[in-house]
Amino acid sequence: MCKNCETNPVILLTNNTKGLCKSCFFRYFERKFNKTIAQFKLISPNERIGVAISGGKDSLTLLYLLNKLKSKKRFTIEALLIDEGIKGYRDNTIKDAKKFCKELGVKLNIVSYRDEFGYPLDMMIKKLKMKPCSICGVFRRYLINRYSRKLKFNKIATGHNLDDEVQSVMMNQFRNNPEISARLGPITGIKDNKKFIRRIKPLYLLSEKEVTTYSYLKNFKLKFCECPYNTEAYRINVREFINKFEEKYPGTKHSIINSFLEILPDIKEKFRNAEEIRYCKKCSEPCSNEICKACEIRSKI
Amino acid sequence: MVKVFIEKENKKLNAKAKDIEELMKKLNINKEEVIVVRNNQLAPRNEKLNDSDEVKFLSVISGG
């Protein structure tokens, strides 16, 4: 029985032998979402928030909940979708995203690799001897920042959830990359730099399983689909490792994030001036070298 | 026998188990990686199973 209202449960939460029914789960989930925004001061009144969506369950749940909250907290939203050009994958999720935005009445902006860089990702990987994720990650971040600025967003919200962040924290630990961990957290980017649009992660404390449960119960009707280029083997191994640990020792993921949040201000302070911010000679986007990574890859295509 | 569908592998099979938790152990499915739908209703893993139940394991992993 549900631990609050004695009706049929739909999910068991971490460390609980009693579950939550559908309506108590919705209350729990939405309260945690709103609390994350308040606790980490992710959104201020009158801000224009961009929502980076892919058409998957995380980003559509994010869009749905921000749309629900916007009047109460007095902010506005618009969606931004990056079309990498992955046949049989992104074209399907774009259909879901378009339908979803139309139903919510949220404006959707689509930016494609083909229009911006001349080729879709499917063609780029044939021309370049690089891993698809290395090309895609650089171009995606580049376009999200550039278009967030162009569309005058104060911040851009992404669908990163608890599992994504735990995996990143552990990957940086295993690889001894504390300076990369310094760029993590529920709000990232450089404050008071007009060229950088700060990123916020309102799903930060909600697990992948909770987000999937929410989107299923809300009937978002999303089919399972995985990017055909998903070859980030290291992350997949870390994910499996953490999930095995969580199954054996419930609460592990929250412990990792809580202890990370405890030390994050110190790591940020330590690496604050580690990298000088420069501006790309070709496109004037912020970067750490003379030429930004996106222009560097683009010149090889 | 319970009819099982594993979404990630697009696999159908029959199996015997007294509850969802036991079924997951038998099939080596991690509870963190799926949500469970029993007879078209979302169900927690401690739910008992009956013969002729239909159980779907839907993947929670994001596509990227």
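1. A crossing of two helices is called left-handed if the near helix is turned anticlockwise from the far one by less than a right angle. In this predicted model, the crossing of α7(A) and α11(A) is left-handed. Helix α11 of chain A covers residues 252-270, and α7 of chain A covers residues 162-174. Two packed helices are described by the angle between their axes and the distance between the axes. For α7(A) and α11(A), the angle is about 65 degrees and the axes are 10 Å apart.

2. Which residues make this contact of α7(A) with α11(A)? From α7(A) come L162(A), D163(A), E165(A), V166(A), V169(A) and M170(A). From α11(A) come K253(A), I256(A), I257(A) and F260(A). By class, the residues of this contact are seven nonpolar and three charged, with no polar residue.

3. Strand β3 of chain A spans residues 48-53, and five of its six residues are buried, so the strand is largely enclosed by the rest of the structure. Strand β4 of chain A (residues 76-83) pairs with β3(A) in the parallel sense over six bridges. Within β4(A), A79(A) is the bridge partner of V51(A). Between β3(A) and β4(A) the chain passes through helix α2 (residues 57-73) of chain A, and this β-α-β crossover is right-handed.

4. Strand β3(A) is also joined to strand β6 (residues 155-157) of chain A by three bridges, and these strands run parallel. Here the bridge partner of I49(A) is K155(A), in β6(A).

5. Chain B holds an open sheet of five strands in the order β2-β1-β5-β3-β4, with mixed pairing. Why is one side of β2 and of β4 of chain B left without a neighbour in the sheet? These two strands, residues 11-15 and 41-42, stand at the edges and have a single partner strand each, so one side of each lacks a neighbour there. Helix α9 of chain A (residues 208-217) packs on this sheet and touches β3 (34-38) and β4 of chain B. The direction of α9(A) makes about 35 degrees with that of β3(B).

6. Within the sheet of chain B, strands β1 (residues 2-6) and β5 (residues 54-59) run parallel and are joined by four bridges. One residue pair illustrates this: F5(B) has K56(B), in β5(B), as its bridge partner.

7. Is helix α9(A) mostly covered or mostly uncovered? Eight of its ten residues are buried, so by the cut-off of 20 or more other C-beta atoms within 10 Å the helix is mostly covered. Among the buried residues are E208(A), V211(A) and Y214(A). The buried residues of α9(A) pack against elements of both chains: β1 (11-12), α1 (22-39), α2 and α7 of chain A, and β3 and β4 of chain B. After α9(A) comes N219(A), whose phi is positive, near 65 degrees.

8. The contact between the chains can also be counted by residue. In total, 17 residues of chain B are in contact with 22 residues of chain A. The side of chain B that touches chain A has five nonpolar, six polar and six charged residues.

9. A last point concerns E21(B), which lies in helix α1 (residues 20-26) of chain B. This residue has 17 C-beta neighbours inside 10 Å and therefore counts as partly exposed. Leaving aside neighbours within four places in sequence, E21(B) is in contact with R45(B) and N46(B). From C-alpha to C-alpha, E21(B) and F57(B) are 12 Å apart in space, while they are 36 residues apart in sequence.

Note on methods. Residues are numbered from 1 along each chain as its sequence is written. Chains are lettered from A and ligands numbered from 1 in the order in which they are written. This is a predicted model: local features need pLDDT of at least 70, side-chain atom pairs count only at pLDDT 80 or more; totals for chains, interfaces and linings use all residues. Two residues are in contact if their C-beta atoms, placed from the backbone, lie within 7 Å. Ala, Val, Leu, Ile, Met, Phe, Trp, Tyr, Cys and Pro count as nonpolar, Asp, Glu, Lys and Arg as charged, and the others, Gly among them, as polar. Two strands pair if DSSP finds at least two bridges between them. Axes are lines fitted to C-alpha atoms, for helices over the stretch in contact, and angles run from 0 to 180 degrees between N-to-C directions. A residue is buried if 20 or more other C-beta atoms lie within 10 Å of its own, exposed if 12 or fewer, and partly exposed in between; C-beta atoms are placed from the backbone. A crossover is right-handed if, with the strands pointing away from the viewer, the path from the first strand over the helix to the second runs clockwise.
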